[in-house]
Amino acid sequence: MGTGCYNGRIVTAPSSTPLQTDRLLIDTLRSRLGAAKVLDDEPARTAYSIDASIYKLTPCVITLPESAEDVAAILAAAREHGVSVTARSGGTNLTGSAIGEGIILDTSRMRRLLEIDAERRRVRVEPGMVYAELNRHLAASGLWFAPDPSSGEMCKLGGMLANNSAGPHTLKYGAVKDNTIAMQVILADGGRLTAKSYQLDGIELARLIEAQPWVAELIRLVREHRDLINSKRPTVSKNSTGYNLFALADGLAHGRLDLHQLFIGSEGTLGVTLEATLQLVPRPERTVTALLFFERLDEVGHAVNDLLALGPSALEMLDGYTLDLIGRAHYQVPAGSQAMLLVEFDDGELAARPAALLAVAGRYRLSEPPRIATEPDAQAALWAARKAIYPTLYRYDAKKKPINFADDVVVAPDRLPELIGYLRRLFDERGVAVAIYGHIGNGNAHVNPLLDLNAPADVETMVRLAKEIHTTVIERFGGSICGEHGDGRVRAGFVRAYYGEELYRLFTEIKRLIDPTGLLNPGVKLSEAPLTAHLDAARFAKPCATCGKCNAVCPVYDVEREESNAARGWYHILTAPDYRYETAQRVVDACLNCKSCRTVCPAGIDVSEVVLQRRSERPNPRAGQIFRWLDRPELFEPAIKLLGWSQPLWDHPPGRWVIDRLTRPWLRGLGPEARLSPAIALPRFARRLLRERHRALTEEGGVGPGKGAVAYFHGCAANYFQDGVGDAVIRLLRRTSATVVLPRQRCSGTPIETYGHRELVRRYAQENLESLLRFETVVTGCASCTFKLKDYAGLFDDPAWRERAAHLSRRVRHISEYLAEHQAAHGPLPLTARPAASGGSERVVTYHASCHLRAAGAGEAPRTLLRRLPGARYVEMADADRCAGGAGTFLVKQASMARRIFSRKAEAVEQSGASVVATSCPACMMQLATGLKGRAEVKHVAQLIDEAWE
């Protein structure tokens, strides 16, 4: 884990031992920030030791500032104790610039949108704002922040500014540096300034120089070295290597100091961003997208020049070998094509674009006519191959992973095919599989070789290839070694070779001018450390890509905004060689088991499954008492019915208050915060269980698995709650002429596994498999039951049981899937509009997508049904796919966290204007009813369809 702050010290002779340094610094930080904003336990240090690069550096301490004052306090403590500071936001950086051995300053909680100025097309925002969330906030104004990195769902504005990020549409709209107006920055010495464009003869600059004398020296240095700077100016369209002195020289030549351009792309080595004012552009109203498949790679460069003349907004390329890697058949890629170009146009003269595109295409040997799309779904299908590269590469080989070390080179666009040819020969000679793709409109190639960093030969190959590729790009192609990913640690050793000794010396002089003690992000951008220093080979033995996609959908991270309370961090904490439950218990207990991470992970990792495995090593004893009771239906079911009969006597505010007080000490056995809060909207407990109400359909009632019979797996909730869901599902199945059977069944196991009792889950799974495999179709009404029944194979090592589980998985349908399939086969369901409520107002229905139903692959079926619901207008609410925080009994176990998670969902429901929120999960229904407090009606999808059926 490293030795603590000593490794992060910026002075050469520490005056105290490493342990003393750690304790004194941490105590200082806690006294100034508060304990909640300072983390130094093993889980936090493990989580923050990595980003999306190939490196690992364990920090001494992690700080979570929420304001500029917090940042100033952190920097002051760092100066006092001589410890370095690494600013971090999303941790999606590919080059190692978001990790360090001193203090990590995570700006993720500084995420306010401070101001939108639609008239001037500007937005002022803090660095912790996620790029995609910013654009969602801007959608109503018809504007967007155009630089669009592929990590846009996870990356944050602070990191984008630090790297000068770009993406596919940079071709038209430029990179971050082209879309930034000003930055509020705090320096290593605590001084604050506004980095923007200043007139050289203006009073603002004079005041700035008075407050920050180094600015005058900066101007002098750039002027003095103007000829040197201009002689080393990159000739390609994208460059993020070194410091952007070229923009400073250009500005000075025109009577201004563009100070923000120095900080953009500086990767946190010169200052920490507190906020930024960004330039916005109108959101495109229409787009045209096309795919062109070339039979000859050498024709692509000429075609690119022709296509650029048409003014595309994006121009992307995949070479033939990359098309092989992602699977030609899956994306309908012609067998003989040697390259694919994706072209996109937006707004402007769109009507003329297809004809002009076809005219260009006619000059070249294509494998098939261009595929052109104007509708969003069809366009998404065309982008699918481009977006599938990284996920596919991570699943390609168990040991060899895509390694980013020469991943961001830039050449003239028409020379990119020549570069690809050179790279293809180079990697073929070394016997290395490689994907080559990128933004060909800018000449920016992403090069992802597949290597095993635990094999010394592959590490040596990486070192040799890095030197050879970067040298060739510089000397033969006159290109740049970095277009948009930053230098970080992976390219810091090549910056001197790229610019030469004199300009490199100027870079170091400017770094010392602004950060004299080297406090900020040492080892990044300007460093002599070898490529392999701090290489994290052990991590590459795991399947995780550390890309951070899981964090983007993790409900706990959404409210906590720190890496040790996030899916990516959990995975690496729980799989660390030195994992101990005693130090990591808070991590083991934190996960909701929502499966959202599994849904988005490019490597197919289910972080919640790793959490459940760790919980199974320490099953919760109090939950075990409950499950032993559940295992005795002759005792458990009468108790449920007693609750149902007595509910009017206790389910009111005074009664619930008493119950909360009486049960709280016992429930704390589930977790320190567990309670049956009076605020929870409990469903009606059943006075007669579902199986009693429909005894004629049960096996104990004499019905068996006859030919064509459909098994209804109702699960616990529909049986024990009288909420109408189970009855609605049964009526719907009968209306489709199905012979409905309620087979013998046990709990699917989801709530039991949540508390670590996996052996009981396995026994119940075996009983359910024996019962349900007698039926060809098994229908569920509960999202969690649907997922668990489809996922039983993971419980077994025995191949025979795994095969049986796989058979069941193929037979399970959620009621929404069943009805959607019935509708597709037999025509529209005979639905009629529900009578309008008094006042005749329109019935607006929205949908909360239950996490487990989405993980089970049934995310669209409920929406398909709801869109056709007569007499109602379906509205897709924002964040429909985000967890609501119910998660079975999570709203009991961690009530305050559940409320915080739900706040985002509540806002989305309100913005949708819906009077009805549909869902497909009992826990979600309870959480929605609890959080919405009557502001909207909560219904199961089956109930809405049942009400509308003629």
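The legends below describe an overview and several close-up views of one predicted model.

The model is a prediction in which local features need pLDDT of at least 70 and side-chain atom pairs count only at pLDDT 80 or more, whereas totals for chains, interfaces and linings use all residues. Residues are numbered from 1 along each chain as its sequence is written, and side-chain values use heavy atoms, with hydrogens and water left out.

**View 1. Overview of the chain, with 43 helices and 29 strands.** Helices (H or I, at least four residues) and strands (E, at least two) are DSSP runs, numbered from the N terminus. The radius of gyration, taken over C-alpha atoms, is 30 Å, close to the 30 Å that the globule rule gives for 950 residues, so the chain is as compact as a globular protein of that length; the globule rule is 2.2 Å times the number of residues to the power 0.38. The C-alpha trace spans about 95 × 70 × 65 Å along its principal axes, and 61% of the 950 residues count as buried, where buried means under 20% relative accessible area, exposed over 50%, and partly exposed in between (1.4 Å probe, protein chains only).

**View 2. The open sheet of five strands, in the order S5-S6-S12-S8-S9.** Pairing in this sheet is antiparallel, two strands being counted as paired if DSSP finds at least two bridges between them. Strand S5 (113-117) and strand S9 (192-195) form the edges, each pairing on one side only, and the twist averages 10 degrees from one strand to the next. Strand S6 (residues 122-125) is joined to S5 by four bridges, and Leu 113 has Val 125 in S6 as its bridge partner. Helix H4 (residues 131-138) lies across S5, S6 and strand S12 (272-279), running at about 45 degrees to S5; axes are lines fitted to C-alpha atoms, for helices over the stretch in contact, and angles run from 0 to 180 degrees between N-to-C directions.

**View 3. Leu 262 in the largest nonpolar core.** A nonpolar core is a set of buried Ala, Val, Leu, Ile, Met, Phe, Trp, Tyr and Cys residues joined through side-chain atoms within 4.5 Å. The largest has 231 residues, and those with the most contacts inside it are Leu 245, Leu 259, Leu 262, Phe 263, Leu 419 and Ile 469. Leaving aside neighbours within four places in sequence, Leu 262 is in contact (heavy atoms within 4.5 Å) with residues including Leu 218, Tyr 243, Leu 245 and Ile 514. A second, separate core of 54 residues includes Leu 697, Ala 738, Leu 866 and Ile 945.

**View 4. Arg 691, a buried residue in helix H30 (residues 690-693).** The relative accessible area of Arg 691 is 13%. Beyond its neighbours within four places in sequence, Arg 691 has contacts that include Glu 699, Glu 700, His 714 and Asn 719, and its C-alpha atom is separated by 9.4 Å from that of Ala 718, 27 residues apart along the chain.

View 5. Strand S26 (residues 843-847) pairs with S27 over four bridges, and Val 845 has Tyr 874 as its bridge partner in S27. Within H43 (residues 941-948) lies Gln 943, which counts as buried at 10% relative accessibility and, neighbours within four places in sequence aside, is in contact with Asp 723, Gly 724, Val 725, Ala 728 and Met 925.
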